[in-house]
Amino acid sequence: MDGLDTSMDTTAHHGKADELLPASAPRLTLTGISKSFPGVRALHKVSLSLYPGQVTALIGENGAGKSTLVKIMTGIYQPDSGEIGIDGQATTLPSAHAAFGHGITAIHQETVLFDDLSVAENIFLGHAPRTRFGTIDWRTMRNNAREVLETMRAGHIDADARLKDLGIANKHLVAVARAMSIDARIVIMDEPTAALSMKEIEELFLLIEFLKSEGKAVLFISHKFDEIYRIADRYTVFRDGEMVGEGLLKDATQNEIVRMMVGRNVDHIFPQREPKIGAPVLSVSGLSHPTEFDDISFELRKGEILGFYGLVGAGRSEVMQAIAGITRTSGGTISLDGKTIAPKSAADSIEAGIVYVPEERGKQGVVIGLPIFQNVSLPSLKRTSKSGVLRLAEEFSLARSYTERLDLRASSLSQDVGTLSGGNQQKVVIAKWLATAPKVIILDEPTKGIDIGSKAAVHGFMAELVAQGLSVIMVSSELPEILGMSDRVVVMREGRIAATYDNKGLDAETLVRTAAGIAA
Amino acid sequence: MKSFLKYREIWLLAGIVVLIGLISTRFPGFANPANLRQVFNDTSILMILALGQMVVILTRSIDLSMASNLCFTGMVVAMLNAAHPAIPIPVLIVVALALGLVLGAINGFLVWRLNIPSIVVTLGTLTIYRGATFVVSGGAWVNADQMSPDFINFQRAALLGLPVLSWIALLVIAVFFLVMTRTAIGRSIYAIGVNPTASVYAGIDVGRTKFIVFCISGMIGGLAGYLWISRYVIASVEVANGYELNIIAACVIGGISIAGGIGSVCGAVLGALFLGIISNALPVINISPFWQMAISGSAIILAVVLNARGERRQGRIILRKAEAA
């Protein structure tokens, strides 16, 4: 704990890491790892080394094999061939338990913890301190939990709180606390920042610096280059299940790494638009909710992209859910094309012409188990059926026209959506909403966790939509996206609108400051 | 997913064929068409009930009150017939359907509006509906000699070589097949079973859909009430006591996932046939009823194990494709 203060001093630490580089031996080495599933080669002779006290970034587009590798490292999958070495000793990881025993722990994209257990229970699940009668020693457990949390400067988290009452960022902190408590030596972070806001990401980075100072070997998986350059020391790039490059980040430029990832140069430039903004389409006035938001007023105009920025938990999604008829409000009015609407269900809003594309793709968007065309037609069943009887031909043509516009890659529309990659699933979700022919489309974190190529496709499509006269609300926690796509930006803080900006000469700092409530 | 479902149902069909083959070694006449038609007819009521239960289970719910509903509706229809023998049978069938619908709607309303878990609601109405049977009948029986000949013979009449009961079962199967594959409500039932949250966002009213499935299972319970009473020609408070478990067993054997969203009309029908064959054949080849129970029970566990495996494999495939695509 005494070392904490120096550990947070990143500059000093970087110097130390660099000195260590040539001398220190890798903590974990994977050599020539291959893994195939029937019909699919997920990994082909890939190698990866993780060094103590260093962060290695694993970079690759969706489907490059990153998740498979993580599953091999955590003992969930067995490689078909290849070697795993820990501290120079060849070993195997036949089970998750074995990986755990070697001190390997993973903090996932969507955190796998137990919502109904307390923070302390989550931290010590499976290795709770015992009394001499063999029962759980609750007092010691609570104290230890507090101690671990404080070490991580996360003392604000109540060890007795139920996990489900915490925000995503705090859940991540609990996951890290768990890793600390089992004395993990290898920490895998699988897109830990995907759902975090700027401020929370900063906190996470401090935490990673702390893990480095404790001599942990960290594997950091992220799509975001600014983060990778901020926090990682080394990189390993995967493409289509093969390792295509590795080295020290200070020796590689972003463009070089992007070229390795995609095998070509990609300049992620936001689409150039010449917005033709018309009359107000949607006006929201004084919208309130007993607990989530208060006095929300804004206007959305025809052909406009209105960005909603704020920290996670600022109430942006909740406002959108109210407009979409999913959450009830306690006051205020919503009007569309001058007519006041009071949606009581999602069906009402869809009927009126407002659709909401939710944030959690897996839970709220795709219906895995149903084929693509049925997913696309799900909110349009009224239109594709006649007095309750489905017209399959119409369903198919609806699905075909929208999936083609979005350049969906699937062998057949009768394929289960579960068999598609994340980016393609997202296209199915967007197609399904567009198929309802809406006037206003609300996109909640539309590019969260998808690869660069799919991101560009989604952005290009948003530009196309507004050019056709649709109006878009885009809730996003990614600053480049907000700045690159929005015509105007609404910033929310703690359930209220903090400011609305015209996106002309708007800078990221202003947004972050407004969202965090810091005076300029 | 579809190919796996087919896969599973084909296995169930194969199991049924093997079962018939085994029985034929002990009782050669079993596999001849006339006898198989008889088995089908004997299983008709269970098949109909299993289909009603299937739509409920697909929405992650359960209807434990079906057998009690059957008992109550059957009793009312029988008493009506005993008191007014002139009422034509089709009218009585409509009465049975309507009465069943009301009982199902009560379940559905409680699940929908009061948001009580269906297992609790129907555990309650299971007792209430059977109690209500006692109240309307005063505990008395309606015997064969009180029923009109039409009441008893309607389902036995032969039509194109099959009894009317079998035709009713075939009709119900056809209707369910069309509803599940070709209507918006059928699609919604699958969607809310697979992913209720995403269905809400897609504008599907989950509560209302659940209400509808309970109405369907109620109507089926009512229809089965008339069919049961006129088949076994006795109406009492004890009719079909505990039969809800057979209905659920038929669904489970037929590959309907208790977790919702997975299952087909074909599966439910085959599951019911499997149980029907066991209960028909075993007494004939002198196997004690206790073995019957053990065999039915083993079939349920086996089916669940196989289905769980099928689902797990399915999950893996999703993972691997998602990772590798």
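Chain B has 13 helices and two strands. Both are DSSP runs numbered from the N terminus, with helices being H or I of at least four residues and strands E of at least two. The radius of gyration of chain B, taken over C-alpha atoms, is 20 Å, close to the 20 Å from the globule rule for 325 residues, so chain B is as compact as a globular protein of that length. That rule is 2.2 Å times the number of residues to the power 0.38.

This is a predicted model: local features need pLDDT of at least 70, side-chain atom pairs count only at pLDDT 80 or more, and totals for chains, interfaces and linings use all residues. Residues are numbered from 1 along each chain as its sequence is written, while chains are lettered from A and ligands numbered from 1 in the order in which they are written.

The C-alpha atoms of chain B fill a box of roughly 70 × 55 × 35 Å along the principal axes. Of its 325 residues, 50% count as buried (20 or more other C-beta atoms within 10 Å of the residue's own, with C-beta atoms placed from the backbone). Contacts join residues whose C-beta atoms, placed likewise, lie within 7 Å. Among those in chain B between residues at least 6 apart in sequence, 79% join residues at least 24 apart.

The largest nonpolar core has 173 residues. Such a core is a set of buried Ala, Val, Leu, Ile, Met, Phe, Trp, Tyr and Cys residues joined through C-beta atoms within 7 Å. A:Ile442 and B:Ala50 have the most contacts inside it. Helix α10 of chain B (residues 206–232) gives the most to this core, with 14 residues.

Terms used:
A residue is buried if 20 or more other C-beta atoms lie within 10 Å of its own, exposed if 12 or fewer, and partly exposed in between; C-beta atoms are placed from the backbone. Two residues are in contact if their C-beta atoms, placed from the backbone, lie within 7 Å.
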